[in-house]
Amino acid sequence: MELLGSRAKAASAELARAPAAVKNKALLNLAKALRKNVAALATANQRDLERAQAAGLAAPLLDRLKLTPKIIDTVAQGCEQLAAMVDVIGDIIGMKEQPSGIRVGQMRVPIGVFGMIYESRPNVTIEAASLAIKSGNACILRGGSEAIESNKALAALVQQALADADLPPDAVLLVPTTDREAVGQLIAMPQYVDVIIPRGGKGLIERISRDAKVPVIKHLDGNCHVYVDDPCDLDMAVNVADNAKTQKYSPCNASEGLLVARGVAAAFLPKIGAIYAAKGVEMRCDAEALAILSAVKGANTTAATEQDWYEEYLAPIISIKVVEGIDEAIAHINHYSSHHTDAILTRDHMHAQRFLREVDSASVMVNASTRFADGFEFGLGAEIGISTDKFHARGPVGIEGLTSLKYVVLGQGEVRT
């Protein structure tokens with residue numbers, strides 16, 4: 001780990017100097033390599049999947065481990081999208097002349113070296129590498145043992161893409177061991193690593209946050225909510241609430257809680273309940289929602305416990321509560337949510353504005369599915385993760401989240417008196 005750290009540190013200085021055109025060339029090289037090697041990547045991924053299944057890996061983690069042609073194409077598109085974006089490194093903002101005559105502003109610069117610790121999702125290897133390249137940072141990647149073959153195959157493509165663009169291959173380094181002690185070393189090397197970004201289960205992130213000796217960008221879990229307001233477009237609300245929960249169950253931006261205003265509950269709940277019943281979604285309800293949904297044919301309903309309001313299921317389960325209106329919905333979300341992503345479905349402009357202002361979450365949405373809380377969907381090219389912290393980076397972390405601002409002062413010989 002000391003050797004990886006020193007190599008990454010040296011490479012970071014070289015990458016920070018690289019012109020935008022050279023970094024973009026590396027990204028386009030990588031996109032081409034990914035598409036060219038779909039079959040080889042599938043073979044490596046299959047080895048991981050077979051080993052993980054034999055080890056009894058949980059279904060949501062198995063789903064995240066899959067490296068399908070669609071996923072490969074998506075991360076390749078992310079590389080191309082990043083290459084097409086304006087390079088923000090070196091930008092100077094807020095330049096103002098002071099009474100002394102000096103001009104003071106801030107320049108955007110790379111952070112340096114970030115360490116990425118993640119479970120399952122091998123696509124994170126490319127998302128992290130591509131964002132590192134575009135933002136002028138080096139990175140040290142430590143994927144989960146269940147994805148080691150996939151990650152090695154992907155990291156080899158990244159290093160070749162860097163070399164072909166005359167950039168240091170050491171700018172993206174994969175920890176080659178599955179030994180858990182490597183994580184302990186990575187998060188305790190402030191002489192080499194400037195920030196740690198964990199992406200995985202709550203247990204992993206709690207451990208990293210507790211033991212790290214360098215700053216951490218993180219979110220612990222994704223207890224996201226959809227609130228169906230009174231008034232709302234019922235058909236739209238049903239469609240969005242369905243998508244937010246069932247489009248995919250395992251991501252952290254899938255909706256885990258559904259709040260429904262009392263004024264529309266009798267009309268809305270039977271419609272969404274029928275859809276959830278058809279898709280096998282278990283509904284854990286408060287007494288009022290339970291009374292309405294129990295009459296839905298085939299509905300799998302149970303009484304919610306207090307813990308259900310806090311829960312991130314990552315499964316076909318959702319908590320459902322009838323609330324009086326916007327005030328109770330906001331209070332419930334701010335109390336129980338993980339401050340990740342929450343949405344309101346409404347036709348009332350003032351309610352929408354209140355929800356945006358008052359819900360204390362990293363992403364807040366009006367009339368849109370929580371599943372859009374994603375760097376690719378937000379136009380960031382890719383994301384390194386999602387942050388529910390309030391300092392430095394919040395929400396999907398893209399290029400700017402991997403940079404820092406330093407003050408620059410321009411003078412013509414001024415001295416302080």
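Leaving aside neighbours within four places in sequence, which residues is Asn 223 in contact with? They are Glu 256, Trp 309, Tyr 310, Glu 311, Tyr 336, Ser 337, Ser 338 and Asp 342, where contact means heavy atoms within 4.5 Å.

A word on the basis of these values: this is a predicted model, in which local features need pLDDT of at least 70 and side-chain atom pairs count only at pLDDT 80 or more, while totals for chains, interfaces and linings use all residues. Residues are numbered from 1 along each chain as its sequence is written, and side-chain values use heavy atoms, with hydrogens and water left out.

Asn 223 sits in the loop between α9 (202-211) and β7 (224-228); helices (H or I, at least four residues) and strands (E, at least two) are DSSP runs, numbered from the N terminus. A polar atom of the Asn 223 side chain lies 3.0 Å from the backbone oxygen of Trp 309 and one lies 3.4 Å from the backbone oxygen of Tyr 310.

Here is how accessible three of these residues are. Buried means under 20% relative accessible area, exposed over 50%, and partly exposed in between (1.4 Å probe, protein chains only).

| Residue | Relative accessible area | Class |
|---|---|---|
| Asn 223 | 1% | buried |
| Tyr 310 | 33% | partly exposed |
| Tyr 336 | 14% | buried |

The two tyrosines also meet each other: the ring centres of Tyr 310 and Tyr 336 are 4.8 Å apart with planes at 70°, so the pair is edge-to-face. Rings of Phe, Tyr and Trp (its six-membered ring) pair if their centres lie within 6.5 Å; planes under 30 degrees apart count as stacked, over 60 as edge-to-face and the rest as tilted.

Technical notes. Polar contact = N/O pair within 3.5 Å; in protein donor to acceptor, adjacent residues only side chain to side chain.
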